[in-house]
Amino acid sequence: MSALVCVARIGAAHGVRGAVKLWTFTEDPFAVRRYGPLLAKDGKRQFEVATAREAKDHLVATFKGVTTRDEAERLNGIELYVARENLPATDADEYYHTDLIGLAAVTMDGEALGRVLAIHNFGAGDIIEIAPPKGSAKGTTMLLPFTNAVVPEVDIAGGRVVIALPQEIEGEDREDNPSPSRPGKSRGP
């Protein structure tokens, strides 16, 4: 079997008839119904979505064979996976996180920076996290924007991403430029 990709996480029970809150990690939240049986991380338990409807920031779903609240409560926290080959092909400049994690990160000059540890999105765009090479004194993990300017080349077949390190912006010393008082705040005489 190929690598498994996490596509959803089961949340708390919803109602009394076996429904659960379901958080999906797919572009189309309802795509989890098209991938066939979903697997638990160990690959031994399978889940098939019977129904799904949209809620505020998640789906409310039922699974075949789960009909009571007690059964639904036992599923809380289970991450659901599909085999990588069951996912649709990506467009140019689109990648599944699982395809990027573990790739070598190198500078434009070919110098090793480390390995891709994760891809994050905290609401302002994707961020690539790069861990320094093992045993290296190069410092800490780097968090960089995952943009074409910073990551101009992704070579999945070659097992690497090329990083154009952004230039640092030098600031002024605080002694030379004291911070102005905050507007709207003043002290009495």
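These legends accompany close-up views of a predicted model. Local features need pLDDT of at least 70 and side-chain atom pairs count only at pLDDT 80 or more, while totals for chains, interfaces and linings use all residues. Residues are numbered from 1 along each chain as its sequence is written, and side-chain values use heavy atoms, with hydrogens and water left out.

**View 1. The whole chain, to get your bearings.** Two helices and 13 strands make up the secondary structure of the protein chain; helices (H or I, at least four residues) and strands (E, at least two) are DSSP runs, numbered from the N terminus. Of the 189 residues, 32% are buried (under 20% relative accessible area; exposed is over 50%, partly exposed in between; 1.4 Å probe, protein chains only).

**View 2. R34 meets D28.** Their side chains form a salt bridge at 3.0 Å, N to O (a side-chain nitrogen of Lys or Arg within 4 Å of a carboxyl oxygen of Asp or Glu). R34 counts as exposed because its relative accessibility is 58%, whereas D28 is partly exposed at 31%.

**View 3. E48 reaches K64.** Here the salt bridge spans 3.1 Å, N to O. This pair links distant parts of the chain, 16 residues apart: E48 sits in the loop between strand 4 (46-47) and strand 5 (49-54), and K64 in the loop between strand 6 (59-63) and helix 1 (69-73). With a relative accessible area of 54%, K64 is exposed; E48, at 37%, is partly exposed.

View 4. The closest N and O atoms of E73 and R69 are 3.2 Å apart. Both residues lie in helix 1, four residues apart, about one turn of the helix.
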